[in-house]
Amino acid sequence: MDTTLKRLVEDRKFLFFGGKGGVGKTTMAAATAVWLADSDYDTLIVATDPTVSLSAIYEQKIGETDITKIDIVKNLCGLNINPKKATGIFQKRLEGMMQSFTSLLGSEVTSTPCAEEMAAFDQFVSFLQDNQYDHVVFDTAPTGHTLRELSMPFDWSGYMSNQIKNRKEVSAALGLIDDEGMLDNLRKEKERYDQAVKSLSDERLSAFNLVLLPEKLPIEETARAVDDLARFGIRVQTLIVNEVIPPEVLKGNWFLERRRATQEKYLGEIAIRFNDTPRRDIPLLETDVYGVEKLRKVARFLYEQ
Ligand SMILES: Nc1ncnc2c1ncn2[C@@H]1O[C@H](COP(=O)(O)OP(=O)(O)OP(=O)(O)O)[C@@H](O)[C@H]1O
Ligand SMILES: [Mg+2]
């Protein structure tokens with residue numbers, strides 16, 4: 001048995017599953033979280049995607065602002081960050097930061113079109129500083145979206161620097177003296193984002209995995225994601241090729257044989273194009289995947305076979 005993915009997941013605190021829409025990110029993240037919890041690790045799964053997928057897959061309502069204990073799995077909790085609700089938290093924090101200074105910053109930031117994403121990201125960042133759980137599994141949104149999220153702390157970092165600089169100039173011009181507390185808060189925010197970026201690209205802490213199907217479009221999207229992540233100093237650690245048709249089900253069925261032959265062609269292409277990246281193939285199951293027992297079945301393919 002190839003234990004690369006198993007060791008990776010056990011050794012890293014923050015686990016990410018990215019990839020094109022609909023390829024099985026939530027399934028892999030949720031199965032991984034169950035497997036870690038079953039292996040006695042205190043585990044939290046966080047969705048940064050504004051959908052109800054986590055609640056559906058665990059067959060239980062998962063909180064949007066408060067962490068929810070998953071009833072039937074010991075050691076497992078979940079949170080489904082709702083960007084709309086997160087905006088409130090984000091806004092509150094900004095307001096807190098700004099209270100000593102009548103500032104444009106709060107209204108500027110909270111009224112930008114991407115304020116919701118920023119707010120979700122802001123919450124996401126707070127989990128990169130977690131010291132309560134052994135593992136935090138992130139069910140990220142589709143690739144383009146995820147990358148925008150990832151690029152945010154970089155922008156933020158520059159933004160904070162500018163704010164700090166501007167604040168100094170403004171307060172000097174206005175002769176304000178009581179500005180130090182506010183500057184201090186901005187500095188702390190900047191440090192917080194810088195730290196988050198460090199955690200994301202620190203291979204001892206974080207593991208990025210991409211999920212794809214053995215098909216043309218997901219392969220192209222994966223290639224782009226690998227390059228984009230590399231630009232942020234993040235190496236993709238494993239490719240999970242999902243929904244591979246097992247040869248034993250073919251039994252002379254021309255339709256399945258045709259599909260399998262197509263998949264084989266793309267599996268060959270994946271082997272060549274991503275030959276540096278360890279890969280795990282997961283079979284297409286006879287049903288869709290929800291509920292803890294089916295997640296455990298997927299986890300066995302991921303970590304035990
Ligand atoms: N190996 C598999 N065998 C059978 N069905 C699968 C398998 N993997 C995933 N599925 C099913 O495929 C569908 C899509 O999976 P999932 O929701 O995990 O994808 P996703 O990448 O998270 O999608 P989105 O981009 O919308 O968040 C689900 O209905 C899931 O049950
Ligand atoms: Mg999903």
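How many bridges join strand E1 to strand E6 (residues 206-212)? The legends below give the answer, and they describe a predicted model.

**View 1. Strand E1 and its pairing with strand E6.** Five bridges join E1 to E6, and the two strands run parallel.

**View 2. Strand E1 and its pairing with strand E5.** E1 also pairs with strand E5 (residues 135-139). The sense is parallel, and the pairing extends over four bridges. Leu15 has Val137 of E5 as its bridge partner.

**View 3. The two faces of strand E1.** In a regular strand, side chains alternate between the two faces of the sheet. From E1, Phe14, Phe16 and Gly18 point one way. Leu15 and Phe17 point the other way. All of these residues are buried. Because five of the five residues of E1 (residues 14-18) are buried, the strand is largely enclosed by the rest of the structure.

**View 4. The surroundings of ligand 1.** The shell around ligand 1 holds 18 residues. The closest are Lys25, Thr26, Thr27, Leu285 and Asp288. H2 gives the most, with three residues.

**View 5. The residue types around ligand 1.** Which kinds of residue make up the shell, nonpolar, polar or charged? Eight of the shell residues are polar, six are nonpolar and four are charged.

Definitions and conventions:
Residues numbered from 1 in each chain as written. Chains lettered and ligands numbered in written order. Predicted model: local features only at pLDDT ≥ 70, side-chain atom pairs only at ≥ 80, totals over all residues. Near = placed C-beta within 6 Å. Nonpolar A, V, L, I, M, F, W, Y, C, P; charged D, E, K, R; others polar. Buried ≥ 20, exposed ≤ 12 C-beta atoms within 10 Å, placed from the backbone. Pairing = 2+ DSSP bridges.
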